[in-house]
Amino acid sequence: IPREFPAWLEEGVAEVFSTFERTRNQVKWGTAIPYHVALLSQESLIPLERLLFIDRDNELFNESSRTSIFYAQSWLFTHYLIFGERKGPRNGIDLYLNALRNGAAVDVAFRDAFGGDFRDLESELRHYMRAGGYFTPTSPVSASALDNLQIVAAPDYLIEAQRARLATTSRRYDVAAPHAARAIALAPEKPDG
């Protein structure tokens, strides 16, 4: 039972929403990332059946560069699942994660959540990539609402907890432990530490 998002989904969501930007009266996200698009046009896609099992120990998962085919394809697949016109249910990601949490086999969870098997979705993904029409959602926002938006620094305990989590994802427990200890000392009542 996964206790966290699969690596492809966690990184794919991060990549999709990394393009969030505000213009005068709107916000938008999901803009195509040029270096991902270029890489995807030059390299072969990782079979989805393999992509789903790549974890943080895999050589394709390289947090320091974030330029590998793993990140590009994770972005593409997540973008497609969130914004693409597809045959499967619109809430496929939620269905997939819930099925995995409930003990379903990956291939069964995948088929039920995304409306096809690995080969079906790979074909759809290739078509989505070749079409190149990556939808970029926008939402209007009043200028006064954005002008009144206040950015507040995260509390120290939360910063320490996030540093610990980041170190833990790369299995640097020696680095994570002092950050977690500081998070607990700063806010023992909070679960983050």
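1. Two strands are taken as paired if DSSP finds at least two bridges between them, and helices (H or I, at least four residues) and strands (E, at least two) are DSSP runs, numbered from the N terminus. The model is a predicted one, in which local features need pLDDT of at least 70 and side-chain atom pairs count only at pLDDT 80 or more, while totals for chains, interfaces and linings use all residues. Residues are numbered from 1 along each chain as its sequence is written, and side-chain values use heavy atoms, with hydrogens and water left out.

2. The sheet is open and has three strands in the order S1-S2-S3, with antiparallel pairing. Strand S1 (21-22) and strand S3 (138-140) stand at the edges with a single partner strand each, so one side of each has no neighbour in the sheet. Between S2 and S3 the antiparallel pairing runs over three bridges, and valine 27 is found opposite serine 139 of S3.

3. For the chain as a whole, the secondary structure amounts to 10 helices and three strands, which follow one another along the sequence in the pattern α-β-β-α-α-α-α-α-α-β-α-α-α. Of the 193 residues in the chain, 39% are buried, where buried means under 20% relative accessible area, exposed over 50%, and partly exposed in between (1.4 Å probe, protein chains only). Taking a contact as heavy atoms within 4.5 Å, one finds that 67% of the contacts between residues at least 6 apart in sequence join residues at least 24 apart. The accessible surface of the chain is about 11400 Å², with 53% of it belonging to carbon and sulfur atoms; these areas come from the Shrake-Rupley method with a 1.4 Å probe, and for residues only the protein chains shown count as cover.

4. A nonpolar core is here a set of buried Ala, Val, Leu, Ile, Met, Phe, Trp, Tyr and Cys residues joined through side-chain atoms within 4.5 Å. The largest such core has 39 residues, and Trp8, Phe77, Tyr96, Phe110 and Phe114 are those with the most contacts inside it. At least two residues of this core come from each of helix H1 (7-17), H2, helix H3 (48-51), helix H4 (69-83), helix H5 (92-101), helix H6 (106-114) and helix H7 (118-131), with H4 giving the most, namely 10 residues. Tyrosine 96, neighbours within four places in sequence being left aside, is in contact with Pro6, Trp8, Leu52, Val106, Ala109, Phe110, Ala113 and Phe114.

5. Alanine 32 is placed in the loop between strand S2 (26-28) and helix H2 (34-42), and it counts as partly exposed because its relative accessibility is 27%. Residues up to four places away in sequence not being counted, alanine 32 touches Val37, Trp75 and Tyr134. The C-alpha atoms of alanine 32 and tryptophan 75 are 9.1 Å apart, although 43 residues separate the two along the chain.

6. Four salt bridges are found in a search of the whole structure, the criterion being a side-chain nitrogen of Lys or Arg within 4 Å of a carboxyl oxygen of Asp or Glu. One of them joins the side chains of aspartate 112 and arginine 111 (3.5 Å, N to O); aspartate 112 is partly exposed at 48% relative accessibility, as is arginine 111 at 41%. Another joins glutamate 122 and arginine 126, whose closest N and O atoms are 3.9 Å apart, and about one helical turn separates these two residues because they are four residues apart in helix H7. Glutamate 122 is buried, with a relative accessible area of 16%, whereas arginine 126 is partly exposed at 31% relative accessibility.

7. A salt bridge also joins the side chains of glutamate 160 and arginine 182 (3.2 Å, N to O). This pair links distant parts of the chain, with glutamate 160 in helix H9 (residues 156-169) and arginine 182 in helix H10 (residues 173-186), 22 residues apart. Glutamate 160 is buried, its relative accessible area being 11%, while arginine 182 is partly exposed at 38% relative accessibility. Through shared partners, salt bridges join Glu160, Arg163 and Arg182 into one network.
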